[in-house]
Amino acid sequence: MPRMIAPGIRLDEAGHVSVDAEVGRVLFDLAIELEDTTPHPVDVQHVLAAIVLAERDGLVNDQTQVSPENQSLHEIVCQYLPLVFKQYGDELGTE
């Protein structure tokens, strides 16, 4: 049974994450914004990985709004980006 990470972001039994188009645009905009604040080339996959890791730690849930106005989510993503780059490097697969 798929699990909702946050509204518009779901994780299936195989471990694949799907993102609704509207949320995808927010993740894209957030990646562009964060690229200026980190020494790494941030892309949508990095932002999404940060959100998934934060959900596993209980900082994001199915009530967390993925929107440009959610400053708390922005801070959580910034907190997890170093871990994402340490674990996965500069490029994440599209699988």
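Which are the buried residues of helix 3? In this predicted model, local features need pLDDT of at least 70 and side-chain atom pairs count only at pLDDT 80 or more, whereas totals for chains, interfaces and linings use all residues. Residues are numbered from 1 along each chain as its sequence is written, and side-chain values use heavy atoms, with hydrogens and water left out.

The buried residues (under 20% relative accessible area, 1.4 Å probe, protein chains only) of helix 3 are L73, H74, I76, V77, Y80, L81, V84 and F85, and their cover includes helix 1 (21–35) and helix 2 (44–56). Helix 3 comprises 18 residues, 71–88, and spans 25 Å between its first and last C-alpha, close to the 26 Å expected at 1.5 Å a residue. At Y80, shortly before the proline P82, helix 3 has a kink of about 35°, the bend being the angle between axes fitted to the seven residues ending there and the seven starting there. The N-terminal end of helix 3 is capped by N70, of which a side-chain oxygen lies 3.2 Å from the backbone nitrogen of S72, and helix 3 is followed by G89, with a positive phi near 80°.

The axes of helix 2 and helix 3, lines fitted to C-alpha atoms over the stretch in contact, come within 8 Å and cross at roughly 105°. Helix 2 is therefore roughly perpendicular to helix 3, a term covering angles of 65 to 115 degrees. H46 counts as buried because its relative accessibility is 0%.

Definitions and conventions
Helices (H or I, at least four residues) and strands (E, at least two) are DSSP runs, numbered from the N terminus. The expected span of a helix is 1.5 Å times one less than its number of residues. Buried means under 20% relative accessible area, exposed over 50%, partly exposed in between (1.4 Å probe, protein chains only). Contact means heavy atoms within 4.5 Å. A polar contact is a pair of N or O atoms within 3.5 Å; within protein, one must be able to donate a hydrogen and the other to accept it, and residues adjacent in sequence count only if both atoms are side-chain atoms. Axes are lines fitted to C-alpha atoms, for helices over the stretch in contact, and angles run from 0 to 180 degrees between N-to-C directions. Angles under 35 degrees count as roughly parallel, over 145 as roughly antiparallel, 65 to 115 as roughly perpendicular and the rest as oblique.
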